[in-house]
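Please look over the sequence and the model below before reading on. The paragraphs after it are meant to be read with the structure open beside them.

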Amino acid sequence: MDPVEDTLRRLREAFNAGRTRPAEFRVEQLKGLSRFLQDNRQLLQDALAQDLHKSAFESEVSEIVISQGEVDLALRNLQAWMKDESVSKNLATQLDSAFIRKEPYGLVLIIAPWNYPVNLMLVPLVGAIAAGNCVVLKPSEISKNTEKVLVEVLPRYLDQSCFAVVPGGPQETGKLLEHKFDYIFFTGSPHVGKIVMTAAAKHLTPVTLELGGKNPCYVDDNCDPQTVANRVAFFRYFNTGQTCVAPDYILCSPEMQERLLPALQSAITRFYGDDPQSSPNLGRIINQKHFKRLQGLLGCGRVAIGGQSDESDRYIAPTVLVDVQETEPVMQEEIFGPILPLVTVRSLDEAIDFINRREKPLALYAFSNCSQVPVE
């Protein structure tokens with residue numbers, strides 16, 4: 001029998017037997033997940049450093065603490081979440097008991113990306129466990145050291161009759177998607193998201209697709225440029241820009257651009273020093289493929305800050321581009337790297353029109369001292 005098929009059969013049998021339904025079982029699995037995070041903190045930090053050159057601070061803040069917080073939230077609220085919810089009756093249900101009961105879906109598939117390979121695997125897993133599901137976890141093969149920890153260590157902390165971690169690349173993911181799941185949670189690119197949704201549609205499987213996008217950042221003329229620069233630079237270059245909700249480009253007036261540029265340079269120096277490549281706080285691009293893609297984007301517009309790169313180290317300096325045309329490649333795709341284009345607009349209305357002409361972003365940021373600035 002195909003190993004994947006055998007694993008899915010075993011998990012379905014456990015779910016159908018009602019193993020995951022009791023609150024006590026869910027609590028036990030959540031506590032196991034908490035122990036995994038506590039016992040293997042250093043192992044996870046080392047793996048993240050090898051994959052993405054993440055500092056201990058970045059790993060702690062964006063991976064381990066967030067995952068632990070989700071576990072703690074679920075443990076505090078599990079009993080309340082599991083309770084039936086009373087609802088009002090209508091004419092057709094006057095003689096009935098009317099309530100909402102939260103039922104688990106059954107067998108859930110979670111496909112995680114490489115940029116936050118712990119957080120974006122474990123946070124959905126917490127929800128799936130709390131809801132009483134059996135789960136197949138598919139970590140990204142691109143962040144290979146973290147994948148190894150998740151495949152080899154995580155199962156020791158969970159009931160392996162109900163939870164499985166499947167390693168491998170696109171071929172293994174494709175084989176998984178041939179099977180019927182009761183829910184699929186995918187985080188990644190729109191391209192792969194379409195493949196996941198097509199596979200899910202064959203079985204009418206509900207999905208959550210957490211995809212990327214070009215997130216605009218509007219800066220009003222009345223802002224303090226250094227405050228804006230500190231906040232934007234911190235988030236744009238965190239995890240080397242490989243964050244789906246990071247600001248992707250700035251919209252501002254020509255006058256604000258002139259004020260922002262020295263402020264951004266000051267912020268970058270403050271965070272990463274005079275030589276960012278030697279800074280322990282700046283990560284690296286995940287692999288050569290993404291490095292080459294990003295290196296190509298450095299040719300768009302004009303480099304105002306940074307622009308240096310080192311292929312042997314997968315290093316791209318924190319970069320700011322100006323004089324960027326909206327038809328250039330850097331404005332046509334999610335950048336997903338430490339490159340920040342500045343695009344000038346003449347007014348707030350022009351900025352809104354610029355944003356509305358594009359696909360809906362995952363996030364939008366607006367800096368202004370005027371509370372009336374609309375962000376719709």
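Predicted model: local features only at pLDDT ≥ 70, side-chain atom pairs only at ≥ 80, totals over all residues.

Residues are numbered from 1 along each chain as its sequence is written, and side-chain values use heavy atoms, with hydrogens and water left out.

Rolling a probe the size of a water molecule over the atoms shows where empty space is left. On a 1 Å grid over the protein atoms alone, a cavity is a set of points where a 1.4 Å probe fits but cannot get out, and a pocket is an open set with protein on both sides within 12 Å along at least five of seven lines; lining residues have an atom within 4 Å of a point. Grid points are joined across faces, edges and corners, and a volume is the space filled by probe spheres set on the points.

The largest pocket holds about 940 Å³ of space. It is lined by 36 residues, of which Trp114, Ile142, Gly188, Ser189 and Val192 are the closest to its centre. Two or more lining residues come from each of helix 7 (170-177), strand 6 (183-187), helix 8 (190-202) and helix 11 (288-297), where helices (H or I, at least four residues) and strands (E, at least two) are DSSP runs numbered from the N terminus. Helix 8 gives the largest share, five residues. By class, the lining has 17 nonpolar, twelve polar and seven charged residues; here Ala, Val, Leu, Ile, Met, Phe, Trp, Tyr, Cys and Pro count as nonpolar, Asp, Glu, Lys and Arg as charged, and the others, Gly among them, as polar.

The second largest pocket, of about 400 Å³, has 17 lining residues, and Gly213, Lys214, Gln332, Glu334 and Glu359 are the closest to its centre. Its lining divides into six nonpolar, three polar and eight charged residues.

Proline 361, in the loop between helix 12 (348-356) and strand 15 (365-367), touches Lys214, Asn215 and Pro216, not counting residues up to four places away in sequence, where contact means heavy atoms within 4.5 Å. Proline 361 and asparagine 215 are 146 residues apart in sequence, yet 5.2 Å apart in space, C-alpha to C-alpha. At 26% relative accessibility, proline 361 counts as partly exposed (buried means under 20% relative accessible area, exposed over 50%, partly exposed in between, with a 1.4 Å probe and protein chains only). Aspartate 182, in the loop between helix 7 and strand 6, counts as buried because its relative accessibility is 16%.

A nonpolar core is a set of buried Ala, Val, Leu, Ile, Met, Phe, Trp, Tyr and Cys residues joined through side-chain atoms within 4.5 Å. In the largest, of 55 residues, Phe36, Leu122, Leu125, Val136 and Leu154 touch the most other members, and helix 5 (residues 119-130) supplies the largest share, seven residues. A second, separate core of 27 residues includes Cys217, Cys223, Ala267 and Phe367.

In helix 11, the residues His290, Phe291, Leu294 and Leu297 are buried. Seen down the helix axis, the buried residues of helix 11 fall within an arc of 115 degrees, so they line one face of the helix; the arc is that of the directions from the helix axis to the C-beta atoms.
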